[in-house]
Amino acid sequence: MNTLSSNWLGNSLPRIVQGDIEYVILCYNGDLFLVENACPHRSGSLKHGLYLTGDRIECPMHHKIFHVEQLIARPTTLRLIPQPICDNKAEDQSNEVEN
Ligand code: FES
(Lines give C-alpha, C1' and ligand atoms only; values in the text may rest on other atoms or scores of the structure.)
Protein backbone atom coordinates (compact mmCIF):
# COMPACT_ATOMS: atom_id res chain seq x y z
CA MET A 1 0.00 0.00 0.00
CA ASN A 2 1.28 3.47 -0.88
CA THR A 3 1.91 6.02 1.83
CA LEU A 4 1.92 9.78 1.63
CA SER A 5 5.69 9.81 2.16
CA SER A 6 6.41 7.51 -0.80
CA ASN A 7 7.77 8.70 -4.14
CA TRP A 8 7.95 7.27 -7.60
CA LEU A 9 11.39 5.89 -8.21
CA GLY A 10 11.98 7.14 -11.72
CA ASN A 11 9.41 5.99 -14.21
CA SER A 12 9.69 9.29 -16.10
CA LEU A 13 13.48 9.10 -16.49
CA PRO A 14 15.08 8.01 -19.77
CA ARG A 15 16.30 4.43 -20.08
CA ILE A 16 19.83 3.75 -18.85
CA VAL A 17 21.24 0.70 -20.63
CA GLN A 18 24.70 -0.81 -20.70
CA GLY A 19 25.17 -4.05 -22.59
CA ASP A 20 22.07 -6.17 -22.01
CA ILE A 21 21.21 -4.61 -18.66
CA GLU A 22 18.78 -1.76 -18.00
CA TYR A 23 19.51 0.24 -14.88
CA VAL A 24 17.73 2.53 -12.50
CA ILE A 25 19.63 5.18 -10.59
CA LEU A 26 19.57 5.11 -6.77
CA CYS A 27 21.12 7.39 -4.20
CA TYR A 28 22.20 5.83 -0.92
CA ASN A 29 24.28 7.40 1.86
CA GLY A 30 25.34 10.19 -0.49
CA ASP A 31 26.55 7.86 -3.24
CA LEU A 32 24.91 7.24 -6.60
CA PHE A 33 24.43 3.74 -7.97
CA LEU A 34 23.11 2.21 -11.15
CA VAL A 35 21.09 -0.78 -10.02
CA GLU A 36 19.64 -3.37 -12.37
CA ASN A 37 16.06 -2.42 -13.20
CA ALA A 38 14.82 -5.90 -12.38
CA CYS A 39 13.22 -6.96 -9.15
CA PRO A 40 15.00 -9.87 -7.39
CA HIS A 41 11.64 -11.67 -7.14
CA ARG A 42 10.46 -11.97 -10.77
CA SER A 43 12.23 -9.17 -12.59
CA GLY A 44 9.54 -6.51 -12.22
CA SER A 45 10.62 -3.03 -13.27
CA LEU A 46 11.95 -1.36 -10.12
CA LYS A 47 11.94 1.91 -12.04
CA HIS A 48 8.16 1.86 -11.74
CA GLY A 49 8.30 1.10 -8.03
CA LEU A 50 8.00 3.37 -5.05
CA TYR A 51 10.76 4.76 -2.87
CA LEU A 52 9.52 4.34 0.69
CA THR A 53 10.81 5.81 3.90
CA GLY A 54 13.64 3.87 5.52
CA ASP A 55 15.50 3.36 2.20
CA ARG A 56 13.09 0.70 1.04
CA ILE A 57 11.72 0.16 -2.45
CA GLU A 58 8.36 -1.40 -3.25
CA CYS A 59 8.20 -3.35 -6.50
CA PRO A 60 5.12 -2.52 -8.55
CA MET A 61 4.45 -6.13 -9.63
CA HIS A 62 3.82 -8.05 -6.40
CA HIS A 63 4.50 -5.23 -3.92
CA LYS A 64 7.43 -6.95 -2.22
CA ILE A 65 9.65 -4.50 -0.38
CA PHE A 66 13.44 -4.48 -0.65
CA HIS A 67 16.01 -2.44 1.23
CA VAL A 68 18.26 -0.36 -1.03
CA GLU A 69 21.35 -2.07 0.44
CA GLN A 70 20.01 -5.42 -0.78
CA LEU A 71 19.58 -4.08 -4.31
CA ILE A 72 22.97 -2.36 -4.35
CA ALA A 73 24.69 -5.59 -3.23
CA ARG A 74 23.83 -7.34 -6.50
CA PRO A 75 26.86 -8.07 -8.74
CA THR A 76 25.46 -6.05 -11.64
CA THR A 77 25.42 -2.78 -9.65
CA LEU A 78 27.64 0.05 -10.82
CA ARG A 79 28.75 2.83 -8.48
CA LEU A 80 28.95 6.26 -10.06
CA ILE A 81 32.06 8.17 -9.07
CA PRO A 82 32.01 11.95 -9.54
CA GLN A 83 34.82 13.29 -11.71
CA PRO A 84 36.15 16.85 -11.53
CA ILE A 85 35.18 19.03 -14.46
CA CYS A 86 38.02 19.21 -16.94
CA ASP A 87 39.94 22.50 -16.88
CA ASN A 88 40.59 23.17 -20.58
CA LYS A 89 43.23 25.85 -19.82
CA ALA A 90 45.34 23.46 -17.78
CA GLU A 91 44.96 20.79 -20.45
CA ASP A 92 45.98 23.23 -23.24
CA GLN A 93 49.12 24.26 -21.34
CA SER A 94 50.17 20.67 -20.69
CA ASN A 95 49.98 19.93 -24.44
CA GLU A 96 52.40 22.75 -25.35
CA VAL A 97 55.71 21.55 -26.83
CA GLU A 98 58.90 23.01 -25.38
CA ASN A 99 61.68 23.99 -27.81
S1 FES B 1 8.52 -9.08 -9.45
FE2 FES B 1 8.89 -7.69 -7.87
S3 FES B 1 7.72 -8.38 -6.25
FE4 FES B 1 7.45 -9.83 -7.76
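Visitor: What pLDDT does the chain average?
Guide: The model shown above is predicted. Of the residues in the chain, 79% score at least 70. Over residues 1-5, however, the pLDDT is below 50, and this stretch has 3 contacts in the model beyond near neighbours in sequence. Taken across the chain, the pLDDT averages 84.

Visitor: Which element of the chain has the lowest mean pLDDT?
Guide: Among the elements, strand β7, at residues 65-67, has the highest mean pLDDT, with a value of 97. The lowest mean is 58, and it belongs to residues 88-94. Those residues form helix α2.

Visitor: What pattern does the chain follow when read along the sequence?
Guide: The secondary structure comprises 2 helices and 8 strands. Written in order along the sequence, these elements give β-β-β-β-β-β-β-α-β-α.

Visitor: In what order do the 4 strands of the open sheet stand?
Guide: The order can be built up from pairs of strands. Strand β2 (residues 16-18) pairs with β3 over 3 bridges, and β3 is joined to β4 (residues 31-36) by 6 bridges. Strand β4 in turn pairs with β8 over 3 bridges. The pairing is antiparallel, and the order is β2-β3-β4-β8.

Visitor: Which residue in the turn between β3 and β4 has a positive phi?
Guide: In the hairpin of β2 and β3, 2 residues lie between the strands, and G19 in that turn has a positive phi of about 65°. Strands β3 and β4 also form a hairpin with 2 residues between them. In this turn, the residue with a positive phi, about 50°, is N29.

Visitor: Is D55 buried, exposed or partly exposed?
Guide: D55 is found in the loop between β5 (50-52) and β6 (56-58). A residue is buried with 20 or more other C-beta atoms within 10 Å, and exposed with 12 or fewer. D55 has 17 such atoms, so D55 is partly exposed.

Visitor: What is the value of phi of H63, which lies in the loop between β6 and β7?
Guide: Most residues other than glycine have a negative phi. D55 has a positive value, near 55°. H63 likewise has a positive value, and H63 counts as partly exposed, with 13 C-beta neighbours inside 10 Å. Phi of H63 is near 60°.

Visitor: How many Å apart in space are T77 and F33, C-alpha to C-alpha?
Guide: T77 is placed in the loop between α1 (68-72) and β8. Leaving out residues up to four places away in sequence, T77 touches F33, L34, V35 and I72. F33 also has a bridge partner in β8, namely R79. Although T77 and F33 are 44 residues apart in sequence, their distance in space is 6.8 Å.

Visitor: What percentage of the 99 residues in the chain are buried?
Guide: A residue is counted as buried if 20 or more other C-beta atoms lie within 10 Å of its own. T77, with 14 C-beta neighbours inside 10 Å, therefore counts as partly exposed. Among the 99 residues, the buried share is 16%.

How values were computed. Residues are numbered from 1 along each chain as its sequence is written. This is a predicted model: local features need pLDDT of at least 70, side-chain atom pairs count only at pLDDT 80 or more; totals for chains, interfaces and linings use all residues. pLDDT is the predictor's confidence in each residue, from 0 to 100. Two residues are in contact if their C-beta atoms, placed from the backbone, lie within 7 Å. Two strands pair if DSSP finds at least two bridges between them.
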